[in-house]
Amino acid sequence: MKSIERVIAAVVRRRRLADAAWGLSRLALPIGMVTWALCNLAIRYCMAGREVLWLVALPVPLVLTWALARRHPRRQIARLVDAHYGTHDLLGSALELSQGGDTKGRAADIVALLVADASARATTIDPRPVVQLHVAKPRWWDGLALGALVASAAAPLPYQTYMCETEPAVAFEDPVPIVIMADPGDGGRSPVDMPEAGPLRDNLRDLAKGEDGDLAARLAEQMLEVLDQLERGELDRAAALEELQRLEQELAEAESEYEASIEEDPGTLADGLREMAEAFEQQELTEDVAAALSKQEGDDAEKALNEAGEAAEQNGGEDEKQLQKALDEAERRLEDAAERANKTAKELDEEERRLRREEKKKPKDPKEQEEQERRLQKQKERVEQLRRQHEREQAAQDKLEQLRRDAKKAGQRGGQNAQQKRESLQKLSRGMKEAADAARKSRRMSQARDAMQEAKSVVRRAGNQGEGAQRRKQQFRRFSQAAKGEKGQGKDGKGKDGKDGKGEQGITSDPGGKGGKKGQPTLMIEGDLGDGEPNMMMEGDGDGQPGEGEGEGEGEGEGQGEGEGQGQGQGQDPGDGGQPSQGDGIGQGSADPIGDPTGLDTNVKNVRVKAREGKGATRAEVIRDASQQGFASEAYRRVFQDYRGFAQSALDSEALPAAQRRRVKRYYQLIMPRE
Amino acid sequence: MTITAAETKQELESLQADLQRLVDEVQRVIVGQDKVIESVVTCLLAGGHGLLEGVPGLGKTLLVRTLAQATNLDFARVQFTPDLMPADIVGTSILAQGDDAAGSQLQYQPGPVFSNIVLADEINRATPKTQSALLEAMAEGTVTAAGKTRPLPSPFLVLATQNPLEMEGTYPLPEAQLDRFLFKIHVEFPGEDDLMHILDRTTGTRVEDIDPVLDGPRILSMRQLVRSIPVAESLTRYVVRVLRATHPDDGNAPDLVRRYVRFGGSPRGAQSMLLAARIRCSLHGRLTPSIEDVREVAPSALRHRVILNFEGEAEGIDVGRCIAQVLETVPTD
């Protein structure tokens, strides 16, 4: 056994040496260099004494102590030797079994044989190759530590270190006073950075495109003006807020006036119009009617329906059948919409019952009477409010019923001549226009209210400087880039010179100048495919057409794609021409995924996708991919407006506590599309 | 009777020599397949049973027959088929004509299971009822038939074969019965050189005669001796850790086991590993087993005891991979 013990002790010694070598080269050296660098800095800048340099040597004794104190179980060491010499655990088993002591009989004899065998083998074993001594190779952190040391040595000495006590003090002359001159023109105001106002401006510009005399449009323009003035520094925040409050007051008055004037519930009308739009959408002949109705463009809808009627009358055959089908479907859907229009009837009954119960109660004392009167007053107001809403719903229901009858009459087969049919159709289109106008007015009022809230919020946050604001700004930019699918700046339609040009299907039409040459518009097509309604988005490189800008490079142009698709695009084009033009575009295409031929000179890429069976992507993967590739911000904007419209009609028609109303409004503010 | 250390040493040397002679004798007929031969000999010495799995034509039946000849033991081969009945294996009572006074009597006719070495060829082709007839024989070494329990000859060894390719019309062995096998031995397809030798030996006129090198009593005494080989406690602990790591809820279980294994090995798996490690060290002329021995025998001892979950089955995970990962990850100390 002694020979085995001797081998093991020798290996343990080698192991400790190896540990020390490793610890000194891998740990003590870099830590020592970093400590040295820190000591240098402490001596130079913190007036520390030179004694702190002793700390540099501290890792060495620590590492040596660790190497000496580290436990090395003999069994492990024996296994190490066995593994190195391929002795199949001979030494380890002999060591372990000889110390067990509870073996008897034949097993004890075998153990004795084993120990003898192992001892004989141990005498031939050289422990040195078992544990190799080597200095660890330099790693990157060694270089880092060395760099830190060099940098600390090269760090400039602070002013105080030059102030040797023996040197005479230097007398400085009084410095020339610096006078800050206030700018008399702007009263000391400075331009305010408002990175978060971009989406709000877009909304306001959209809203400002209303008809003449439309309050929402006028307010939108004024809000835009306030934001611009604030940004240019012509207004400070307080003044801007004051101006917005004045506008809000004006809006509130207009709202209450409008509230008193409306006879039909706009939410119910909007619901009916939506149903009609879906009905008209099913036929090719009436697609334009559907498009106008879904946007609540009353004039366009009226015009489109009259045109469809004329086309059906002139062409007959298939067109007439399509119109017939569309009107039948519209009638059916309007009937359904009218049936479910009366939402508040039940609630009104309930509130009236509660009011009657409350009135029957007899108070016991004056205090309770006072309390009851207060409750009764509140209850009566509530009932009155519900009654008004109920009446409006009924009026809206009647309106929808009237539309249904008109649709039925216009769509009747036989029994009336062409003139009568035409008149019926015109009556229907007029009714449709009135309903669309009413719904549109309500929606615009609501949009103005939301924009007002958002504008106030933006103004409150505007100009917040400092690190936090900077961080928020950077984060906002990152989100915007991610949402647009950009990896960096200068891609996907962000040119250097252009500004917010708009064109159709990625074409920047620019009639006045010489225009840009080639851009890379992104074409996105949404369309129905097969029985379902998948949204398909195709992305491809394209060439922007040469265009000419209007005014000073802020161009706005609209073109018409030659296929069935209609789209909107954003292009960028300098007004003076000669610069590259780039644009984004979003359009609605036909059911054919390839689409009808258009005038676009696009490089279409056919991509073959290999399907793979499996569970599919997880929610986390979908969200991650979407965040990396970008969201369809334009589609989201449209969806958002639809959803907010629904929510708004629910808020208008249902009795909800004020806190919940605020919460719903706040929610939609938070998920409002950004840029 | 006391045994001296010198006698023990002599016995061990004799054991190693006999084992080597047995292996050499079998290798005269079976070309290559050294690991398979070693595993089968391990089963013989451990008193366990072996399940040989491999495609047809790899010499599984020949190996067992050769082993029986080399050990001078009774050999019976049962070809398992779907219509094989339990009585065809364990035996049945038949009406035998006795002397005049007694008349006819029921007389028990022993089945093929009453042999030292039983080859259950294509065991998974028989119905579960017939398969289970072997259960008692394998576990207890006895057979109960016609209301009477009869001991089987000793040594008793069942070597079963199954074909992994043909699953149509088979009845996979239940886990309880699989657990009775000491080893599940994969018979690999021979390499090019081995195939050359096989062709050379089997297509000519030469016929190898097998000389018996052992007998039943000698095998029984060898069994006693290998069981007295001492094992270090650290090795026993390692065996336990390996076995526990085949269970998905164990702390040492590697990723593959956690993800694809439903149940790990049973305690019989640990017994098999340790016993087989003892035999392997004897086969290689050593006095005590090492971790290497355990690592060598673990796949054969565990692959039929580790049960994959649905995901593992669906993904086509090889149990061998799980066991290999267990052996890689389980710490030796």
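Student: Which residues have the most contacts inside the largest nonpolar core?
Tutor: B:Val40, B:Met273 and B:Val294 do, in a core of 114 residues. A nonpolar core here is a set of buried Ala, Val, Leu, Ile, Met, Phe, Trp, Tyr and Cys residues joined through C-beta atoms within 7 Å. Buried is for 20 or more other C-beta atoms within 10 Å of a residue's own, exposed for 12 or fewer, and partly exposed for in between, with C-beta atoms placed from the backbone. This is a predicted model, where local features need pLDDT of at least 70 and side-chain atom pairs count only at pLDDT 80 or more, while totals for chains, interfaces and linings use all residues. Residues are numbered from 1 along each chain as its sequence is written, and chains are lettered from A and ligands numbered from 1 in the order in which they are written.

Student: Which helix gives the most to this core?
Tutor: Helix α11 (residues 267–283) of chain B, with nine residues. Helices (H or I, at least four residues) and strands (E, at least two) are DSSP runs, numbered from the N terminus.

Student: And what is B:Met273 in contact with?
Tutor: Leaving aside neighbours within four places in sequence, B:Met273 is in contact with B:Val239, B:Val294, B:Val297, B:Ala298 and B:Ala301. In contact means that the two C-beta atoms, placed from the backbone, lie within 7 Å.

Student: Which residues does the second core include?
Tutor: That separate core has 36 residues, including A:Phe280, A:Leu285, A:Leu293 and A:Ala312.

Student: Switching to the sheet in chain B: what is the strand order?
Tutor: β2-β5-β8-β1-β9, an open sheet of five strands with parallel pairing. Strands pair if DSSP finds at least two bridges between them. The edges are β2 (75–79) and β9 (183–186) of chain B; each has a single partner strand, so one side of each lacks a neighbour in the sheet. From one strand to the next, the twist averages 20°.

Student: How many bridges link β1 and β8 there?
Tutor: Four, with strand β1 (residues 50–53) and strand β8 (residues 157–162) of chain B paired in the parallel sense. In that region B:Gly50 stands opposite B:Leu159 in β8(B).

Student: Which strands does helix α3 of chain B lie across?
Tutor: Helix α3 (residues 60–71) of chain B lies across β1, β2, β5 (117–121) and β8 of that chain, and runs at about 170° to β5(B). Angles run from 0 to 180 degrees between N-to-C directions, and axes are lines fitted to C-alpha atoms, for helices over the stretch in contact.

Student: Is B:Gln33 buried or exposed?
Tutor: B:Gln33 counts as buried, with 22 C-beta neighbours inside 10 Å. In chain A, A:Asp89 has a positive phi of about 60°, though not a glycine. A:Asp89 is in the loop between α3 and α4 of chain A and is buried, with 27 C-beta neighbours inside 10 Å.

Student: How many residues does each chain give to the contact?
Tutor: Chain A gives 19 residues and chain B gives 18 residues. On the side of chain A that touches chain B, α3 (74–85), α4 (90–100) and α5 (105–122) of chain A each give two or more residues. The most comes from α5(A), with nine residues.

Student: What does A:Asp117 touch?
Tutor: A:Leu90 and B:Leu287, not counting residues up to four places away in sequence. A:Asp117 lies in helix α5 of chain A and counts as partly exposed, with 17 C-beta neighbours inside 10 Å.

Student: Last one: at what angle do α9 and α10 of chain A cross?
Tutor: At roughly 175°, with the axes of α9 (residues 215–232) and α10 (residues 237–261) coming within 10 Å. That makes α9(A) roughly antiparallel to α10(A); angles under 35 degrees count as roughly parallel, over 145 as roughly antiparallel, 65 to 115 as roughly perpendicular and the rest as oblique.
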